[in-house]
Amino acid sequence: MSDATNKRHTGQACIELRETLNRTQHGKDLEQCDFVLVSKNLEAEPDCEALRKQVAFIEELTKKDFDIKTHVYKKKRFYGIVAPEAIFSKYKYLLKVSDSCNWSREPHEKVPEPTRIAIVNFILHRICIGNGEGFRELLQQKVFETAFSLHEEEEQRELKQKWARWTACLTWQPITEVRNYFGEKVALYFLWLGWYTFTLIPAAIVGIVVFLYGLAFFDSNPLIKEVCEADIIMCPLCDKKCGVWNLSETCTYAKVTHLFDNEGTVFFAMFMAVWATVFLELWKRHRASYVCAWKVFNWCENEEELILELVNNPNCKPTPYSHSYLRSTLVLVLVTLMLVLIIGLAIGLVVFRVVATVVLSEGQWELLSEHASTVAVMLGAVMHYLTMTIMTKVNRRVALYLCSLEKTRSFAATEKSFTVKMFTFQFFTLFSSLIYVAFFLGRINGRPGGYVRITGKWRLEECHPSGCITDLFIQMAIIMVLKQTLNNVFEFSAPWLSTWLKKKRKPRKKRSCSPCGRSTEWDACDDHEPPCDPELDTWLTNYNLNEVNAFSLFEEFLEMVMQFSFTTIFVAAFPLAPLLALINNVLEIRLDAIKMVSLERRLVPKKTNNIGVWINVLEWIGVLAVIANGLVIGITSDFIPRMVYRYRYGPCVGRDATGLDCMTGYINNSLSTVRVSDENIRRDFQPNQLVFKDINVTHCSYRDYRNNEDYSYTSQFWLILAVRFAFVILFEHVIVICKFIVAWFVPDIPQVVKNDRLQDKLHRLQKELRNMEQRSSDV
């Protein structure tokens with residue numbers, strides 16, 4: 001057959017397909033579409049393969065008795081689809097006879113709009129055309145551009161008035177109305193976020209009190225006075241340019257350190273560890289009250305999925321459970337390699353800080369060279385934030401790829417697996433650098449004459465004589481402020497700007513449409529007249545909103561859970577973290593609400609009765625918070641060395657010290673001294689570095705507990721080390737016991753909820769019994 005004949009047959013086939021497609025345009029009027037499909041208008045396209053697939057998919061919908069109406073506007077074709085009532089009748093019946101979901105909806109009740117949308121979305125993604133391609137593949141091939149459900153104007157307006165506006169920041173959320181519009185999954189997210197924000201209030205208050213406690217003794221603390229009045233010559237902090245210096249030069253730094261490293265810090269760390277448990281236990285009760293009222297308390301995800309499969313295809317075969325040790329091993333290896341990469345980036349940040357300290361100290365700017373270490377810490381925190389931003393995108397791609405290797409049986413299983421992997425990657429990305437600052441900074445750098453150097457050139461950083469906790473505070477404060485502020489700015493401004501640009505992209509003209517009976521604004525484009533159809537008006541308005549996907553809500557959860565981890569882990573170094581989180585969350589609730597209601601297309605509702613695997617993640621964060629805060633107080637903070645000095649080496653030991661502060665002499669006791677004449681010292685420092693006020697020094701001090709003769713560790717060092725570990729073990733065991741007591745003392749389910757469910761079951765069984773007796777009497 002000739003090429004001309006082939007083209008003629010192909011052209012004829014395309015004409016027939018277009019005629020078939022156009023016949024859907026004259027469908028009956030639809031009140032409210034369950035879903036709208038959008039594609040390019042393929043009538044003018046020379047290749048009709050995409051057109052053939054589009055027609056095949058529409059015909060599959062028609063076979064299932066879906067009502068379809070088409071609108072063509074400019075270069076887009078819109079399909080409005082409405083599912084037949086028979087589908088929802090099947091769904092209600094299967095709910096009634098199911099094991100776990102039989103109480104979630106009364107048979108005579110109308111299926112609510114969120115459930116309708118969820119059912120239709122499920123069916124759309126289960127329809128396959130002749131070659132086995134499903135809707136997801138057709139979207140990837142650009143046969144269809146997108147699919148979305150419509151916002152309901154009246155309900156949307158009510159949510160804007162009650163909830164999705166900035167002026168409602170300090171009002172309670174209408175959670176039930178949110179559930180009736182977006183479904184249980186979105187409602188539970190906002191319920192959890194609201195509860196988390198509410199319980200942050202006592203944590204923020206205690207954090208402020210601890211901060212004010214440190215501020216109250218800002219000038220009168222004897223340790224601060226000792227630093228500010230010291231006449232102790234300290235060893236150079238860097239190579240070449242840095243010289244010896246007087247400890248009193250760091251008076252301000254010592255004062256700042258005391259704000260976050262005082263006796264109140266220990267209490268605050270214990271309080272926050274218990275707070276995390278109380279928050280989770282009370283959340284479980286709070287959730288139970290709502291899901292019971294929504295009649296989804298015993299809802300089962302797998303059973304719901306099976307019901308939807310039967311609604312779509314009564315002859316379906318359930319996807320069997322499977323497990324592959326080979327795939328699991330491969331995924332485990334790849335996850336390990338990814339974590340090694342993330343830890344490698346953290347080591348890279350350490351090297352960056354070390355090099356930055358050297359470069360800044362040798363620079364021409366006196367202010368930067370004098371505070372090179374502090375500036376390097378700040379630059380390291382900014383670099384850490386940039387690394388987190390970039391790695392978030394990388395982590396997402398890797399987590400999705402690993403989920404595809406696992407071949408999970410359902411989207412719910414995929415989402416759970418993705419959540420665990422993504423959180424793990426993000427956790428290591430966020431905390432790897434902080435772990436170094438908290439537990440390794442200043443402890444592996446060596447001593448004068450024996451410094452540990454990177455590639456034998458750059459010496460590792462040291463802690464300030466007042467302690468290392470300020471470095472951790474600076475790192476956490478910068479990251480938290482940058483992360484929350486910039487994330488919120490971009491999270492709101494990006495969809496708002498996108499929506500605004502869509503409206504302003506082309507010239508607009510205002511026209512009164514008589515069939516519509518109202519004035520509307522439309523893009524003026526070439527010779528096309530603005531459409532005068534209220535239905536198409538609604539479709540286009542929703543189409544021009546920002547797109548959402550299956551993981552849109554996941555992103556919101558991940559952001560808040562990472563904040564929760566930041567608020568609880570290492571909080572001993574940053575008592576103001578709960579206050580910053582509280583302020584952020586008050587705004588975050590309204591930001592997310594405005595975004596979902598006004599700036600984005602309607603999320604596909606999903607039924608659930610909990611926040612999924614996130615509750616397990618939160619419980620693990622609570623455990624890690626106990627460990628991390630115990631280590632921060634025991635190792636990072638100077639709390640233990642101060643206590644050892646007070647009760648073992650201080651001036652109050654074994655004598656009457658009336659009128660004498662028991663911490664007098666602590667700073668000098670925590671320093672060791674080296675002789676400048678030592679050959680190793682002269683190898684580390686140049687002669688010009690060992691001059692103070694034109695006088696050659698003979699000794700200089702550094703922070704450590706070493707013998708001044710042979711530089712070996714003193715007995716005080718080993719005693720402090722033993723007490724540090726003893727404290728960490730004691731702290732963690734006491735807090736863990738408290739957490740278990742709280743978890744036991746506070747039941748997960750309120751008694752009123754249990755009684756309501758008991759009454760509900762009794763009434764249902766009585767009703768079934770009466771129906772049976774009625775049928776028996778009729779016979």
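Mentor: A crossing is right-handed if the near helix is turned clockwise from the far one by less than a right angle, and left-handed if anticlockwise. This is a predicted model, where local features need pLDDT of at least 70, side-chain atom pairs count only at pLDDT 80 or more, and totals for chains, interfaces and linings use all residues. Numbering starts from 1 along each chain as its sequence is written, and side-chain values use heavy atoms, without hydrogens or water.

Trainee: What is the handedness of the crossing of α8 and α10?

Mentor: Right-handed. Helix α8 (residues 184-216) and helix α10 (residues 251-260) pack at about 145 degrees, with axes 7 Å apart; axes are lines fitted to C-alpha atoms over the stretch in contact, and angles run from 0 to 180 degrees between N-to-C directions.

Trainee: Which residues of α8 and α10 meet?

Mentor: Phe-211, Gly-214 and Leu-215 of α8 meet His-258, Leu-259 and Phe-260 of α10, contact being heavy atoms within 4.5 Å. Four of the contact residues are nonpolar, two polar and none charged.

Trainee: What makes α15 roughly antiparallel to α16?

Mentor: Helices α15 (residues 372-406) and α16 (residues 411-439) cross at roughly 150 degrees, their axes coming within 9 Å. Angles over 145 degrees count as roughly antiparallel, so α15 is roughly antiparallel to α16. This crossing is also right-handed.

Trainee: Why are β2 and β4 called edge strands?

Mentor: The open sheet has the order β2-β3-β1-β4, with antiparallel pairing. Pairing requires at least two bridges found by DSSP; β2 (67-73) and β4 (146-148) each pair on one side only. β2 pairs with β3 (residues 76-82) over seven bridges, and His-71 stands opposite Phe-78 in β3.

Technical notes:
Helices (H or I, at least four residues) and strands (E, at least two) are DSSP runs, numbered from the N terminus. Ala, Val, Leu, Ile, Met, Phe, Trp, Tyr, Cys and Pro count as nonpolar, Asp, Glu, Lys and Arg as charged, and the others, Gly among them, as polar. Angles under 35 degrees count as roughly parallel, over 145 as roughly antiparallel, 65 to 115 as roughly perpendicular and the rest as oblique.
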